[in-house]
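Reader: I would like to go through this model with some care, taking one local feature at a time. Could we begin once the sequence and structure are in view?

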Amino acid sequence: MFGQPPAEKDIQRHFRVSPPSVHQMIVTLERNGCIRRQPGVPRSIEILVPPESLPILEWLGIKTSKSL
């Protein structure tokens, strides 16, 4: 959405949760095959879900034909 993957700190601020909660969210998304990341590499989250499957993008007015 902003041209780069979020940092864990960005996610923490957005959802107003603790750092361990953010880490658990990321681990769960990765385990379920929704994202891929490179451990130890900042901002390496890659979304594996097709953009057309993300209704929030439509609500935000983001065209799903573009690559995320």
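Reader: Which backbone oxygen lies 3.1 Å from a polar atom of the side chain of Ser-44?

Author: The model is a predicted one, and Ser-44 has its place in the loop between strand 1 (35–36) and strand 2 (46–47). A polar contact requires N or O atoms within 3.5 Å, and the 3.1 Å from the side chain of Ser-44 is to the backbone oxygen of Val-41.

Reader: Is Ser-44 buried or exposed, and what is its relative accessible area?

Author: Leaving aside neighbours within four places in sequence, Ser-44 is in contact with Arg-36, Arg-37 and Gln-38. Buried means under 20% relative accessible area, and Ser-44 is therefore buried, with a value of 18%.

Reader: How are helix 1 and helix 2 oriented to each other?

Author: The axes of helix 1 (residues 8–15) and helix 2 (residues 19–31) come within 9 Å and cross at roughly 110°. Angles of 65 to 115 degrees count as roughly perpendicular, and the two helices are therefore described as roughly perpendicular to each other.

Reader: Which residues of helix 2 meet helix 1, and how do the residues of this contact divide into nonpolar, polar and charged?

Author: On the side of helix 1, the residues are Glu-8, Ile-11 and Gln-12, and they meet Pro-19, Val-22, His-23, Met-25 and Ile-26 in helix 2. By class, the residues of this contact comprise five nonpolar, two polar and one charged.

Note on methods: Residues numbered from 1 in each chain as written. Predicted model: local features only at pLDDT ≥ 70, side-chain atom pairs only at ≥ 80, totals over all residues. Heavy atoms only, no water. Axes fitted to C-alpha atoms, helices over the stretch in contact; angles between N-to-C directions. Helix = DSSP H or I, 4+ residues; strand = E, 2+ residues; numbered from the N terminus. Parallel < 35°, antiparallel > 145°, perpendicular 65-115°, else oblique. Contact = heavy atoms within 4.5 Å. Nonpolar A, V, L, I, M, F, W, Y, C, P; charged D, E, K, R; others polar. Buried < 20%, exposed > 50% of the residue type's maximum accessible area, 1.4 Å probe, protein only. Polar contact = N/O pair within 3.5 Å; in protein donor to acceptor, adjacent residues only side chain to side chain.
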